[in-house]
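Subject: Handover of a structure, with notes

Dear colleague,

I am passing on the structure below, together with some notes on one helix and on its charged pairs. Please keep it open while you read.

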Amino acid sequence: MTSPSPKDWWMVPLMPAGVLEQIDVYALQYITSMVYITTNDIVLVHAGMPHVLEHRRCAPAEPEWANFTTHRLRDSVDSATSLEQHARLVTVPAYRAPHLPLSLQEGEILTRPFEPAEPPASRRVDLAPALLPELARVLRAGDPAALSAVLALLDLLARFDGHRRGEVHLSAAQHDRGDLRVGLGAPGVELLGDRADEPTRARVAAALTPGITADGTRVQALIDKREALSSSSGHLARLCLASLEVSPGGFVYEDELLWTEYDPGIEYS
């Protein structure tokens with residue numbers, strides 16, 4: 001069997017310039033024409049080496065699917081619209097990908113050759129130790145814009161699906177559309193709107209109002225995200241109460257799903 005043809009992927013920026021100092025992060029997205037299968041990969045560049053995030057929810061695509069996508073949802077995952085009640089991120093599993101560029105311009109097209117979906121064990125690394133000092137620095141600084149960008153990235157890493165068209169839309173342009181909002185401090189409670197009962201609203205207010213802890217090691221926030229689906233005009237929206245805590249030994253990002261909405265939309269033909 002011959003290898004699948006190279007595909008044209010386009011770059012989607014994930015972080016505003018200057019927020020992270022030692023790591024660059026971008027997404028690669030490919031949409032198969034006619035059948036509208038979206039495939040997303042996250043690339044983290046550290047110490048001069050590109051790394052591809054390993055997909056917890058996905059497995060390498062079978063040979064018969066190789067011309068459509070490089071990975072598919074695992075059998076244990078119900079569908080691309082299923083959401084877990086809780087998500088937790090303490091490691092960032094990735095594999096070294098020296099064949100990928102260190103950087104790309106927004107919207108730049110990358111003709112990406114076929115590569116085995118299952119990387120050799122010798123290329124696997126955990127990038128959490130590299131990300132820890134970045135998170136700690138942003139927390140200590142307390143800049144709301146930088147902190148919002150970091151929390152949006154952690155949300156993506158924790159709940160990465162790999163196949164929803166809108167999941168990688170984290171750039172400033174997408175923020176302006178309202179597809180992703182991060183609520184910090186007491187004003188962040190307003191993101192709830194009418195999507196929570198009074199006990200939940202009170203609990204969220206108690207969590208958000210303190211803001212960043214005095215020692216600069218912990219914060220809670222609301223993550224309000226609407227992700228466009230791949231093969232239709234529909235969307236999957238969710239509202240999560242998230243927390244980030246850092247210590248010399250590592251970081252813990254976790255969230256609780258408070259509300260979700262699935263709109264199947266109109267199938268593309």
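Predicted model: local features only at pLDDT ≥ 70, side-chain atom pairs only at ≥ 80, totals over all residues.

Residues are numbered from 1 along each chain as its sequence is written, and side-chain values use heavy atoms, with hydrogens and water left out.

Helix H4 spans residues 198-208, and its buried residues are Thr200, Arg201, Val204, Ala207 and Leu208. Here buried means under 20% relative accessible area, exposed means over 50%, and partly exposed lies in between, using a 1.4 Å probe and protein chains only; helices (H or I, at least four residues) and strands (E, at least two) are DSSP runs numbered from the N terminus. The buried residues of H4 pack against strands E11 (180-184), E12 (218-228), E13 (235-247) and E14 (250-263), where contact means heavy atoms within 4.5 Å.

The structure also holds 19 salt bridges, each defined as a side-chain nitrogen of Lys or Arg within 4 Å of a carboxyl oxygen of Asp or Glu. One of them joins Arg88 to Glu254, with the closest N and O atoms 3.4 Å apart; this pair links distant parts of the chain, since Arg88 is in strand E7 (residues 86-89) and Glu254 is in strand E14, 166 residues apart. Arg88 is exposed, at a relative accessible area of 55%, whereas Glu254 is partly exposed, at 34%.

Another salt bridge is formed by the side chains of Arg181 and Asp224, at 2.6 Å from N to O, and it links strand E11, which holds Arg181, to strand E12, which holds Asp224, across 43 residues. Arg181 is partly exposed at 37% relative accessibility, while Asp224 is buried at 7%.

Finally, a network of salt bridges links Arg57, Asp155, Asp161, Arg164, Lys225, Glu227 and Arg238.
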